[in-house]
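Visitor: I have a model open and would like to learn how to read its contacts. Could you walk me through it?

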Protein chains: 2
Amino acid sequence: MPQSNKKSMTLTTAEENYLKAIYHLSEGGKKGVSTNDVAAEMKTKPASVSDMLRKLGEKEVIEYRKYYGVHITDEGKKLALQTIRKHRLWEVFLVEKLNFAWDEVHEVAEELEHIQSPLLIQRLDAYLNYPKFDPHGDPIPDEFGDVKARPRVALNEMEVDQTGQIVAVKDSSAAFLRHLDKMGAYIGARIKVLDKVEFDGSLEILVDQKKTLFMSKDVAGNILVLQS
Amino acid sequence: MPQSNKKSMTLTTAEENYLKAIYHLSEGGKKGVSTNDVAAEMKTKPASVSDMLRKLGEKEVIEYRKYYGVHITDEGKKLALQTIRKHRLWEVFLVEKLNFAWDEVHEVAEELEHIQSPLLIQRLDAYLNYPKFDPHGDPIPDEFGDVKARPRVALNEMEVDQTGQIVAVKDSSAAFLRHLDKMGAYIGARIKVLDKVEFDGSLEILVDQKKTLFMSKDVAGNILVLQS
DNA sequence: ATTAATATTTAGATAGGACTAAAACTGAAA
DNA sequence: TTTCAGTTTTAGTCCTATCTAAATATTAAT
């Protein structure tokens with residue numbers, strides 16, 4: 001029989017990770033998420049995913065129809081957002097309090113997010129002064145799962161003379177983050193588009209009103225800006 | 001074949017917990033630790049312990065002779081002390097930064113201590129300003145496993161008019177800690193023995209030079225004092 | 001030195017999470 | 001509408017960590 005999710009469902013660490021992956025894959029696109037997609041995201045084999053989907057389906061955090069992919073349920077979305085909330089709060093802690101660089105925090109936060117203690121998260125949130133965004137500029141859901149969306153635009157889509165603040169990157173791989181750093185850009189930097197080169201679409205950017213740098217269209221496409 | 005512990009042994013969470021339990025049971029007394037003792041400490045069944053002892057023996061963190069209990073090896077002691085170090089650092093964090101009460105921190109620290117990231121612990125240690133003792137007064141091993149021992153005496157063994165500071169409790173169960181709190185005593189309190197009752201060995205204690213309270217011999221036996 | 005009581009280990013199960021190999025399903029091309 | 005490539009599921013195996021029940025070893029008492 002299906003799990004009676006009267007109160008709150010308890011998920012194992014592995015289940016939480018799968019659910020988070022499914023949630024992320026669900027973002028943008030009403031289509032169901034495929035077994036193969038989940039396997040790729042989780043770096044496991046499709047066979048393992050099938051097993052897990054059955055389990056998550058029984059717990060009613062996803063809707064599972066064999067061969068047709070899955071949809072996350074409201075209950076599942078709520079749980080996924082809680083995990084994301086914890087992950088991002090810990091990232092803020094690591095960067096702001098322990099002086100981690102923002103390309104070093106992901107793996108550790110991946111572990112910390114599974115600590116089970118509502119009180120801990122409540123206190124951590126207060127200690128960090130209720131941050132609304134993590135160091136990568138991603139929004140932190142509140143305890144009810146609500147997120148403050150921030151209107152963002154890819155840097156390569158901005159026009160000459162427009163200004164804003166770098167708030168996130170699409171590809172947050174360590175390699176890309178390091179590249180950004182090396183160029184002299186970073187999350188939080190205030191920027192202005194000085195020029196867009198016709199030839200290859202590359203951009204000339206002014207950072208913090210003092211440093212200018214050039215970046216390719218592709219790099220700029222990975223950078224998200226809050227316009228101002 | 002035995003695990004070649006060339007570099008550093010990696011233990012699972014369960015193994016770390018068993019090793020920590022064995023380390024604590026080893027303290028005081030050269031005698032080997034029995035399977036039953038470990039089972040009681042870990043709240044598992046002796047059969048489960050036998051299995052785990054075999055595994056820990058293969059990893060050479062304990063010396064295991066069937067039917068004769070175990071002794072922790074130097075390598076095992078080092079690993080246990082690392083776990084204890086992490087546990088106690090997290091306890092300091094929870095109390096000093098997140099305003100947890102000192103009887104609320106154990107369970108959460110029990111989870112946090114298994115996060116794998118040497119950098120995290122290094123940074124946390126620095127952030128907390130390299131504390132030498134946790135909120136219960138227990139010493140925090142340094143990264144090499146060295147501990148600053150603090151000479152402590154049980155409160156019931158002190159004489160009338162002697163003074164000191166409460167630095168630890170033997171039984172740190174939530175129940176006992178709450179009882180202590182309710183009486184008006186706490187870790188860090190400066191105390192003076194005002195009287196020892198012949199009849200039942202109970203004590204009259206002056207706390208922080210203003211509040212007097214009575215406690216049974218048993219309660220006093222659970223309280224450790226740094227004499228001054 | 002036996003026997004009885006206690007402690008410990010082995011054997012066999014269960015449950016979570018992962019894998020490989022094989023079977024079954026879907027959907028699109030011929 | 002049949003075939004087939006790609007996707008997904010099932011079946012069977014492995015590993016960790018736990019349990020119960022049964023077997024065996026140790027220790028203490030007679």
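Guide: Let's start with the DNA. α2 (35-42) and α3 (46-58) of chain A, along with α1 (13-26) and α3 (46-58) of chain B, each supply at least two residues of the surface near DNA strand D. Helices here are DSSP runs (H or I, at least four residues), numbered from the N terminus. This is a predicted model: local features need pLDDT of at least 70, side-chain atom pairs count only at pLDDT 80 or more, and totals for chains, interfaces and linings use all residues. Residues are numbered from 1 along each chain as its sequence is written, while chains are lettered from A and ligands numbered from 1 in the order in which they are written.

Visitor: Which residues come nearest to DNA strand D?

Guide: "Near" means a C-beta atom, placed from the backbone, within 6 Å. Of the 22 residues around DNA strand D, the nearest are Ser34(A), Asn36(A), Ala47(A), Thr12(B) and Ala47(B).

Visitor: How are chain A and chain B related?

Guide: Two copies of a chain are related by a rotation about an axis and a shift along it. Here, a rotation of 180° with 0.1 Å of shift along its axis superposes chain A on chain B, with RMSD 0.5 Å (least squares on C-alpha atoms of residues with pLDDT of at least 70 in both). The two copies are thus related as by a two-fold rotation axis. Leu112(A) is the residue of chain A that comes closest to the rotation axis, at 3.8 Å (C-alpha).

Visitor: How many residues of chain A are in contact with chain B?

Guide: Contact means C-beta atoms, placed from the backbone, within 7 Å. 14 residues of chain A are in contact with 14 residues of chain B. α6(A) gives the most to that side of chain A, with four residues.

Methods
Contact = placed C-beta atoms within 7 Å.
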